[in-house]
Amino acid sequence: MSLPPLVEPAAELTVDEIRRYSRHLIIPDVGVTGQKRLKNARVLCVGAGGLGSPALMYLAAAGVGTLGIIDFDTVDESNLQRQIIHGVSDIGRSKAESAAASIREINPLVNVEIHNTALDRENVREIFAQYDLIVDGTDNFATRYMVNDAAVLLGKPYVWGSIYRFDGQASVFWAEHGPCYRCLYPEPPPPGMVPSCAEGGVLGVLCASIGSIQVNEAIKLLTGIGEPLVGRLMVYDALEMEYRKIKVRKDPNCALCGENPTVTDLLEDYEDFCGAVSEEAQEATVDSTITALELKEWQDAGKDIFLVDVREPAEYEIVRIPGATLIPKGDIISGEALAKLPQDRQIVLHCKSGVRSAEALAALKAAGFRDSVHLQGGVLSWIKQIDPSLPAY
């Protein structure tokens with residue numbers, strides 16, 4: 001459905017702006033008035049990472065007058081495979097500062113506002129209230145639900161995107177005119193069911209594909225042209241090169257935007273709501289967690305342990321802890337690998353950061369392997385504390 005323009009047009013375009021945006025101005029649907037609306041718009045991008053990088057760059061190039069960036073992270077070498085707004089010289093630098101510098105190179109006419117902080121329950125309302133439109137470039141469920149809830153409570157539309165390996169999704173959530181994120185996903189997935197990009201990977205160029213869709217939707221909303229993805233979910237399969245759209249209806253029973261909402265304020269703890277680790281895993285790790293230093297001491301002392309790497313084969317090829325046997329978490333959870341495990345040796349589980357090994361530990365303890373333990377911080381902790389020469393990923 002067509003929607004009215006989100007912002008009023010600015011008073012005028014300067015000569016420099018007319019020259020810069022001439023290819024927009026000669027499009028009848030955009031024209032001078034549409035470009036004036038972009039100039040007058042205030043857009044916040046949550047995250048300056050995989051999705052935020054192309055989104056910020058094209059929003060700046062399009063002439064959005066004020067761009068807000070919120071990101072508390074710093075640039076890491078592993079970011080450069082997809083986060084194209086940053087460069088080698090930015091490694092170690094604040095992502096928000098790095099992104100702002102790139103934006104100023106792309107378009108010095110854009111006003112950049114930096115929020116070099118973590119988005120949380122205490123500041124999300126105040127920050128969102130300053131902008132007309134939110135572009136969600138987050139990569140975790142806790143922040144996605146918080147962004148959605150704050151946007152609905154403030155009456156703000158936002159453009160959402162999600163990426164994983166070769167698959168991407170995008171939509172526009174605006175409770176005033178259609179569904180919100182909770183209408184599509186009323187509850188977060190069970191802990192451990194959906195790996196993060198850090199665990200499962202993402203094709204770098206997929207970020208550009210979905211990020212550009214987000215910018216396209218943002219421009220349509222701001223200028224009032226075309227039909228935004230309100231009530232529609234765009235699903236992209238990069239391997240099959242296939243786009244498809246799925247209708248998403250407003251849920252009258254939605255806890256947030258439904259007829260009788262039960263969520264009327266921001267949650268106290270979104271991490272707890274999304275449960276990064278299941279209760280079973282949390283219970284299993286009590287008194288059954290060792291550090292990298294302890295594992296090294298056990299190995300040096302010749303303790304009879306069976307070290308199990310529960311990551312995926314592709315991760316095992318990148319880096320491994322000496323002496324580890326690869327048994328993916330899925331094989332442990334399903335019970336398929338239980339027969340391979342020794343009954344007479346203490347089992348030590350590890351993954352990349354400690355989340356998957358905690359879930360596997362719960363399954364092992366439920367199967368009778370009571371003395372099993374897992375490595376706190378996973379292979380990343382081993383690299384940091386024991387062998388910094390190994391590659392982190």
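Strand β4 (residues 133-136) pairs with β5 in the parallel sense, over three bridges. By pairing I mean that DSSP finds at least two bridges between the two strands.

A quick word on the model. It is predicted, so local features need pLDDT of at least 70 and side-chain atom pairs count only at pLDDT 80 or more, while totals for chains, interfaces and linings use all residues. Residues are numbered from 1 along each chain as its sequence is written, and side-chain values use heavy atoms, with hydrogens and water left out.

Now, the sheet those strands belong to. It's an open sheet of eight strands with mixed pairing, in the order β3-β2-β1-β4-β5-β6-β7-β8. At the edges you find β3 (111-115) and β8 (242-247), each with a single partner strand, so one side of each has no neighbour in the sheet. From one strand to the next, the twist averages 15°.

Helices pack on this sheet too. Helix α5 (residues 95-106) touches β2 (66-70) and β3, and its direction makes about 175° with that of β3. Helix α7 (residues 141-154) touches β1 (42-46), β4 and β5, at about 170° to the direction of β5. Those angles run from 0 to 180 degrees between N-to-C directions, and axes are lines fitted to C-alpha atoms, for helices over the stretch in contact. Contact means heavy atoms within 4.5 Å.

Let's zoom in on β6. Strand β5 (residues 158-164) and β6 pair in the antiparallel sense over seven bridges, and G161 has A170 in β6 as its bridge partner. Two residues sit between the strands of this hairpin, where R165 takes a positive phi near 55°. On to β7 (residues 232-237): four bridges join β6 to it, again antiparallel, with G168 opposite Y236.

Next, a helix pair. Helix α4 (residues 52-62) and helix α10 (residues 204-223) pack at an angle of about 40°, with their axes 8 Å apart. That makes α4 oblique to α10: under 35 degrees counts as roughly parallel, over 145 as roughly antiparallel, 65 to 115 as roughly perpendicular, and the rest as oblique. On the α4 side the contact uses P54, A55, Y58, L59 and A62, and on the α10 side C207, A208, G211, V215, A218 and I219.

Last stop: another open sheet. Its five strands are in the order β9-β13-β12-β10-β11, with parallel pairing. Here β9 (289-290) and β11 (325-326) are at the edges, each with a single partner strand, so one side of each lacks a neighbour in the sheet. Strand β10 (residues 305-309) is joined to strand β12 (residues 346-350) by five bridges, and F306 has I347 in β12 as its bridge partner. Helix α16 (residues 355-366) packs on this sheet, touching β12 and β13 (373-375). And in helix α17 (residues 378-385), the buried residues are G378, V379, S381, W382 and I383; they pack against α13 (292-300), β12 and β13.

Technical notes: Buried < 20%, exposed > 50% of the residue type's maximum accessible area, 1.4 Å probe, protein only.
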